[in-house]
Amino acid sequence: MSDHLPSPPPPAVGADLWESVEGLYEWLDANRPVDGPDGVLLRILKLSEEVGEVAQAVIGVTGQNPRKGTTHTWDDVRSELCDVAVTALVALRTLTPDAREVLTRHLEGVTRRSLGE
């Protein structure tokens, strides 16, 4: 018996980012081993794991661990960064069904603050 969840269904052809996030959210919710507030916290903590994998890839691409040498590529770093972004969006969707609107408003605020009106 496998400890892994069944694979999510593939996204529909032409699915946009938020359709994919919704599909992943639904798949994770249908297959979650821990329910309730603890399940929400664990989903958010998954983000820390993914950030750690970015750090591991950066260390690997720069050969900073002399025992291991160069173990990763910049493609690995990019892939791990994408995992961070997807994990964050799914975590946001877990907290609110209005994730798209929440992110849009937040991005507008960050953009105004950083780039001006």
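Which residue forms a salt bridge with arginine 100, and how far apart are the closest N and O atoms?

Reply: Arginine 100 pairs with aspartate 16, and the closest N and O atoms of this salt bridge are 3.5 Å apart. A salt bridge here is a side-chain nitrogen of Lys or Arg within 4 Å of a carboxyl oxygen of Asp or Glu. Arginine 100 belongs to helix 4 and aspartate 16 to the segment before helix 1, so the pair ties together parts that are 84 residues apart in sequence. Helices (H or I, at least four residues) are DSSP runs, numbered from the N terminus.

The model is predicted: local features need pLDDT of at least 70 and side-chain atom pairs count only at pLDDT 80 or more, while totals for chains, interfaces and linings use all residues. Residues are numbered from 1 along each chain as its sequence is written, and side-chain values use heavy atoms, with hydrogens and water left out. The protein averages a pLDDT (the predictor's confidence in each residue, from 0 to 100) of 92, and 91% of the residues score at least 70.

Helix 4 itself covers residues 99-115 and reaches 23 Å from its first C-alpha to its last, close to the 24 Å expected at 1.5 Å a residue; the expected span is 1.5 Å times one less than the number of residues. Just after helix 4, glycine 116 takes a positive phi of about 85°.

By the salt-bridge rule the count comes to eight. Glutamate 49 is partly exposed at 41% relative accessibility, as is lysine 46, with a relative accessible area of 32%.

Lysine 46 also meets glutamate 50 in a salt bridge, at 3.2 Å from N to O. These two residues of helix 2 are four residues apart, again about one turn. Glutamate 50, at 7% relative accessibility, counts as buried. Elsewhere, salt bridges that share partners join Asp29, Arg32, Asp35 and Arg43 into one network.

Terms used
Buried < 20%, exposed > 50% of the residue type's maximum accessible area, 1.4 Å probe, protein only.
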